[in-house]
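Here are some notes for a colleague who is new to this structure.

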Amino acid sequence: MPTTPADVLSVAQLARLRIEDSALDDVTDRFGRILDLVAQLQQIDTEGVEPMSNPHDMVQRLRPDTVTEGDQREELQAAAPSVEDGFFLVPRVID
Amino acid sequence: MNWEVVMGLEVHLQLATESKIFSGAANQFGARPNEQACAVDLGMPGMLPVLNAQAVRYAVMFGLGVGATIGKRSVFDRKNYFYPDLPKGYQVSQFFEPIVCEGLFEVPMADGSLFPVRITRAHLEEDAGKSVHDAYAGQTGIDLNRAGTPLLEIVTEPDFRTAEQAVAYLKSLHSLATYLGISDGNMAEGSMRCDINVSLRPQGSETYGTRTEIKNVNSFRFVERAIAVEAERQRDILEAGGEVTQETRLYDADRNETRSMRSKEVANDYRYFPEPDLLPILLDDHYIEAIRAELPELPGAKRSRFIDTYALNDYDASLLVDSRAMADYFETATAISKAPKLTANWILGDLAAALNRAALDITASPVSAEALAGLILRVADETLSSKLAKQVFDGLWQNEGSADAIIEARGLKQVTDTGAIEAMVQQVIDDHPGQVAQYQAADEGKQKKLLGFFVGQVMKASQGQANPQRLNALLKDMLAKR
Amino acid sequence: MALDNLTAATAVELVSELQTRRLSATELTQSCLNRIAAVNPRLNAVITVCEEQALREAAEADLMLQRGDGGPLTGLPLLHKDIFCTRGVATTCSSKMLENFVPPYDATVVSRLRAAGTVMLGKTNMDEFAMGSSTETSAFGVTRNPWNTDCVPGGSSGGAAAAVAAGFAPLSTGTDTGGSIRQPASLCGITGLKPTYGRVSRLGIIAFASSLDQAGPMTRTAEDAALMLQVMSGVDPGDSTSADVEVPDFRSQMGDSIQGLRIGIPQQYFSQSLDARVAQTIQAALDELVQEGAELVDIDLPHTEQGIATYYIIAPAEASANLSRYDGVRFGYRCEAPKDLADLYERSRTEGFGDEVKRRILVGTYALSAGFYDAYFKKAQQVRRLISQDFKHAFEHCDVIAGPAAPGVAFGLGSKTQDPLAMYLEDIYTLSVNLAGLPGMSVPAGLIDDMPVGLQLIGRAFDEATLLRAAHRFQLRTDHHRIRPTLAEVGS
């Protein structure tokens with residue numbers, strides 16, 4: 001299935017990645033080759049086969065409803081790029 | 001052209017667990033920014049989710065409360081999108097296999113009828129954080145305390161046709177949630193958030209029109225208004241021959257209009273896929289039945305029982321069962337007073353008014369159910385007239401003691417002794433011959449008015465303590481005898 | 001024991017020296033640090049060295065050993081792949097995105113190994129975010145194979161494999177998502193084990209593909225691997241995917257006979273395309289096992305060929321979501337002067353991630369996107385089940401499956417970076433094992449042109465004990481694991 005630069009750009013947008021114009025053809029080519037590789041799965045008959053998300057038939061364990069984490073703001077914000085009054089700051093979001 | 005408004009509601013209910021759905025951070029309202037956001041909530045590298053047992057329990061309780069099928073196998077999925085209040089860049093939700101499947105919720109309407117709402121599904125998911133837009137120049141502040149709060153998203157079929165139905169549903173949902181104790185369902189505080197899907201179609205049509213989604217309407221009144229203005233907006237478009245754009249809108253309360261949400265304009269491909277860090281939740285019949293056995297009596301059942309057992313009307317019964325606390329208060333008081341109708345009146349009348357004025361919930365009432373019952377007993381046995389009873393009620397509210405103690409202390413015993421009243425009536429008649437003559441010469445209609453004068457005089461003489469019914473009867477009798 | 005043999009000693013041998021106090025933890029640690037200082041500049045296997053902390057921990061270990069309080073790993077120096085969060089020590093995933101990230105928490109594996117008395121020397125180089133088979137995608141330079149410094153060490157745990165091979169430490173942790181422990185172990189001539197999915201906690205390990213990642217030991221011998229696996233294993237309530245299964249005493253039965261052990265040989269692993277000399281080397285290794293009493297059984301793993309396509313849909317898809325958290329908001333790389341939110345996201349992610357990572361994010365995003373989910377992701381999940389079923393059926397006829405760990409020996413630096421597919425084929429024997437969640441290990445099986453070749457053993461779920469026993473019996477009668485690369489020290 002041929003992939004176009006436009007396809008690549010729209011996927012990149014979903015992933016919040018920017019592709020320079022100069023690199024676009026190369027990225028599209030490599031991307032296309034990988035897709036060709038994986039497209040071969042189309043030929044396998046999977047009628048009635050349940051998709052496998054986890055390799056074992058495990059069931060979710062439940063955690064008791066208790067508070068085990070206290071205030072760790074200082075520690076966890078030590079590495080933050082931009083913090084003020086305890087808020088993480090980002091460029092203004094328009095809603 | 002007659003247009004029919006068709007609506008479906010999506011309600012996000014914050015579950016009142018102690019800790020978050022996937023981490024052990026506290027789930028409390030009002031903490032300072034990011035003091036309740038642990039490494040898991042922040043989506044820090046290497047962190048993993050673990051599921052809160054209580055969130056599962058609350059979801060099942062809700063499902064049983066609306067008679068829904070419980071999804072014995074439910075799965076979490078990742079809903080992928082970028083937004084600063086969504087730390088991992090995906091929200092863990094349930095898309096393919098929810099924990100609650102179809103149900104039916106019967107909503108009591110004001111006219112006593114039951115409006116059936118089909119619940120499509122309800123699923124568990126995590127809440128996102130909050131953004132503060134105006135505090136920092138050119139910046140938005142992100143507080144992730146709310147990130148990871150457990151939510152139950154409840155989705156209905158497009159069964160609503162009027163704003164009245166929508167609001168009644170929301171009120172009943174609030175009632176159910178508080179009965180079950182799974183949420184405080186407070187729209188103003190954000191623990192119950194409502195999205196409304198609205199579309200229009202010609203009356204009689206079977207197909208659905210294009211719908212818009214109005215997000216996060218946070219009061220019953222705003223729900224009514226938002227529906228009204230959006231329906232009108234769509235009607236204007238359609239009648240002008242245009243098409244309604246499928247989009248997400250916000251209700252602006254100041255301008256009383258809906259507007260398009262700019263940030264959601266770019267169509268989001270959420271790329272749902274099963275969450276690999278969590279495993280399927282498997283619930284067996286034993287688990288589900290154990291929860292069912294522990295369910296409290298639900299509003300619908302309680303309402304029916306009140307009507308049957310206490311001979312209350314639909315309206316009173318509905319009001320009393322609105323909150324579990326009020327229903328329990330009523331039953332406690334009635335068990336003592338043995339006068340259900342009277343008790344209902346007192347609770348829905350004077351008590352409710354006093355609570356409203358003081359902005360108190362019934363759980364914080366200074367007048368206990370037992371105390372109120374004591375008062376009602378004295379009204380029922382005619383120790384107190386209604387008027388005097390109000391004074392006693394004030395005394396109870398001020399914590400002056402029990403009803404009996406207040407009656408004693410303030411000397412408020414109603415005079416019911418016929419002999420005593422007769423004496424007072426006689427005195428007033430002797431003192432006012434002119435008015436007596438006037439009365440006897442008047443026609444029936446005017447007599448009624450003039451009677452009031454005599455009633456007032458006797459009341460004055462008895463300091464308001466004459467039993468009004470006895471007084472009226474005696475006056476009519478004695479004035480007629482002349 | 002003479003100090004200069006330390007770099008060749010196994011963990012088991014060193015523990016004996018430490019517990020009898022013929023050697024102190026401090027001496028041992030210092031010796032490793034010296035070795036790293038001398039040789040690492042040539043190899044770039046270790047990207048963070050924790051000299052002060054290591055000597056402190058060694059001193060503590062010595063106190064315990066003096067008191068006679070030492071446990072099975074007390075005083076042993078080890079390295080951690082830079083994908084394990086280590087409190088107070090930079091954890092970069094060899095990415096610019098996390099270049100300055102210092103976690104305030106330890107991975108569960110790190111805490112358990114520390115509590116067992118190990119001494120952390122530092123963090124090893126890797127392919128960026130574990131995506132690669134050669135350690136060439138690291139943002140902090142390539143790692144060179146100690147057997148031939150013009151060659152790759154394999155990846156993504158290339159730094160760890162090179163470090164153990166070069167004698168920097170007897171033990172290192174690694175992670176394996178599609179072969180990232182086993183393939184570098186094979187290329188560097190050491191022993192590497194990927195446990196059953198769920199055997200070891202993933203909490204605190206920076207996620208690549210959540211349903212495939214597993215942490216495991218990289219060591220010189222199977223015995224050493226067992227020693228380390230014992231401490232690493234066990235359910236972790238903080239990791240919902242960690243299995244609540246009993247952890248056996250891995251070492252206790254290692255010495256037992258493998259008489260009658262059935263070794264399955266998949267016909268698909270020995271096709272025409274397998275390099276003849278690799279096939280020969282593996283065959284010779286299998287002969288040794290037969291001499292020990294094992295039986296060879298022909299088996300069929302029909303969906304082997306679809307493994308690559310399946311893996312290269314599922315792993316990038318899960319990774320694309322796992323890497324969405326790297327957005328410049330709360331930690332990690334943030335671009336200079338973002339002009340708005342969109343710019344913050346795009347530039348931070350574009351500048352912070354390398355090309356291979358971005359490529360995989362694109363593939364993964366595509367595979368999950370509307371209109372393609374069923375054809376790609378869901379389809380891959382279905383084939384995954386078929387692959388898992390292949391192994392289940394095979395294990396009805398055998399106890400262990402054997403084959404090459406990699407299609408060849410270490411290749412030249414830069415020789416496969418032009419074509420992503422050429423690199424992906426490196427993992428052809430290993431990635432199905434991750435898809436099925438089974439345990440697998442690679443042990444040195446010989447040399448081809450003086451370059452190591454690894455024998456892969458694959459076991460039933462949670463049956464690491466059988467793998468370790470077979471590997472140990474193999475290592476009792478062969479010498480391949482004792483051969484060391486001759487390394488010229490830097491400057492000499």
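How many residues of chain C are in contact with chain B?

1. The contact between chain C and chain B involves 36 residues of chain C and 30 residues of chain B, where contact means heavy atoms within 4.5 Å. The model is predicted: local features need pLDDT of at least 70 and side-chain atom pairs count only at pLDDT 80 or more, while totals for chains, interfaces and linings use all residues. Residues are numbered from 1 along each chain as its sequence is written, chains are lettered from A in the order in which they are written, and side-chain values use heavy atoms, with hydrogens and water left out.

2. About 2700 Å² is buried between chain C and chain B, and carbon and sulfur atoms give 63% of that area. Buried area is the accessible area (1.4 Å probe) that two parts lose on being put together, summed over both. On the side of chain C, the residues that lose the most area to chain B are C:S240, C:R325 and C:R330, together 22% of what that side buries.

3. The interface of chain C and chain B has 1 salt bridge, meaning a side-chain nitrogen of Lys or Arg within 4 Å of a carboxyl oxygen of Asp or Glu. B:D277 and C:R202 meet in a salt bridge, at 2.8 Å from N to O. The elements that give two or more residues to the side of chain C that touches chain B are α9 (307–322), α10 (341–352) and α11 (355–368) of chain C; helices (H or I, at least four residues) and strands (E, at least two) are DSSP runs, numbered from the N terminus. The largest share, 4 residues, comes from α9(C).

4. Between chain A and chain C, 49 residues of chain A are in contact with 69 residues of chain C. The area buried there is about 5200 Å², with 66% from carbon and sulfur atoms. The count of salt bridges between chain A and chain C is 3. C:D419 forms a salt bridge with A:R33, with the closest N and O atoms 3.0 Å apart. On the side of chain A that touches chain C, α1 (5–14), α2 (21–39), α3 (73–77) and β3 (87–91) of chain A each give two or more residues. The largest share, 9 residues, comes from α2(A).

5. Is helix α15(C) mostly covered or mostly open? It is mostly covered, as 12 of its 14 residues are buried, that is, under 20% relative accessible area (1.4 Å probe, protein chains only). The elements that its buried residues pack against include α8 (276–291) and β10 (440–448) of chain C.

Note on methods. Buried < 20%, exposed > 50% of the residue type's maximum accessible area, 1.4 Å probe, protein only.
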